[in-house]
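This briefing is intended to be read alongside the sequence and the coordinates shown below. Please keep both at hand while following the points.

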Amino acid sequence: MEIFDVRGGRIKKSELNKSIDILKKSGVILYPTETSYALGCDAGNDKAKARIFEIKGRSKNKELPLIAGSEVMVSRFCKVGMASAALMKQFWPGPLTLVLDARRGKGSVAIRVPGWDLVRMLSNRLGRPIVSTSANLSGRATCYSARAALRQLGGRGIDLVLDAGRLPRRKPSTIIDARGKKLRILRQGAEIIL
C-alpha cells in the first residue's frame, strides 16, 4: 500500500500519474472528499468494484455511488433532463448526489461532481467516473481521517491512500432522485435548499 500526503489538495505530478495507473489496473484507493473519506476505483471495472464490496462487507445488491470530474462527463454517462441539469448547475461541484438513468443498459446511477479539485482531477485524468463509497465497514461509523478508515477496514485490499489529514465532520451528500418529472429527496444530508 502506498500513501501520498495530499494535505491542502496538492499532489505531485508523479503521484497523480501513479494514482491513475493504480485505478487503470483494477486498484482500490482511499481518498478524501468534502464530506468524508471514500473508497474508490474505476467505475467501469467490475473486478475493482467487487473488491470494494468485499472490503466494505457491503451487499452486492446495493449499487455503488460515483463521482465524476465534470457535468459534461456526467452527461456522457447519464441521461440528464431539465430538472437534473438545473440542480447540477446550481449545486455542483458540491455534496449533492443525483440518481439518474444510465445511458448504457438499464438501471440508474447515483453520481455527483465533488467539491474537491483533486478528486475531480482523478476522474478527469482517468476519463470516466470513479466509485465514491464511504470508507467504512457497511453499517459502521463514517471516517474523517485516513487513519480511522484504515483501522476500521483493516487496511486490507487498499492499494493507495491519498491522505489529506483529518477532515471536518460534515453531513453526507444529499441524494435526490432526479429521474422523473418530480424530484424526490432520498437522503437529506448536506444543506441543499430546493
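Predicted model: local features only at pLDDT ≥ 70, side-chain atom pairs only at ≥ 80, totals over all residues.

Residues are numbered from 1 along each chain as its sequence is written, and side-chain values use heavy atoms, with hydrogens and water left out. Helices (H or I, at least four residues) and strands (E, at least two) are DSSP runs, numbered from the N terminus.

- An open sheet of six strands has the order 7-4-6-5-10-11, and its pairing is mixed; two strands pair if DSSP finds at least two bridges between them.
- Strand 7 and strand 11 form the edges of this sheet, each pairing on one side only.
- Strand 5 (residues 96-101) runs parallel to strand 10, and four bridges join the two.
- Within this pairing, Leu96 has Thr174 as its bridge partner, and Val99 has Asp177.
- Strand 10 and strand 11 (residues 184-187) run antiparallel and are joined by three bridges; Ile176 stands opposite Ile185.
- A hairpin of six residues joins strand 10 to strand 11.
- In a regular strand the side chains alternate between the two faces of the sheet.
- In strand 10, Thr174 and Ile176 lie on one side and Ile175 and Asp177 on the other; all are buried, and both faces are covered. Buried means under 20% relative accessible area, exposed over 50%, and partly exposed in between (1.4 Å probe, protein chains only).

**Asp177**

- Asp177 belongs to strand 10 (residues 174-177) and is buried, with a relative accessible area of 6%.
- The side chain of Asp177 makes a polar contact with the side chain of Arg179 at 2.6 Å. A polar contact is a pair of N or O atoms within 3.5 Å; within protein, one must be able to donate a hydrogen and the other to accept it, and residues adjacent in sequence count only if both atoms are side-chain atoms.
- Leaving aside residues up to four places away in sequence, Asp177 touches Val99, Lys182, Leu183, Arg184 and Leu186, where contact means heavy atoms within 4.5 Å.

**Helix 1**

- Helix 1 (residues 13-24) has twelve residues and, at 1.5 Å a residue, should span 16 Å; its end C-alpha atoms are 17 Å apart, which agrees. The expected span is 1.5 Å times one less than the number of residues.
- The buried residues of helix 1 are Glu15, Leu16, Ser19, Ile20, Ile22 and Leu23.
- Seen down the axis of helix 1, these buried residues fall within an arc of 160°, so they line one face of the helix; the arc is that of the directions from the helix axis to the C-beta atoms.
- The face of helix 1 turned away from the buried side carries the exposed residues Lys13, Ser14 and Lys24.
- Among the elements against which the buried residues of helix 1 pack are strand 1 (2-5), strand 2 (29-32), strand 3 (37-40) and helix 5 (117-126).

- An open sheet of five strands has the order 1-9-2-3-8, with mixed pairing.
- Its edge strands are strand 1 and strand 8 (133-134), each of which pairs on one side only.
- Strand 2 and strand 3 pair in the antiparallel sense over four bridges, and Ile29 stands opposite Gly40 in strand 3.
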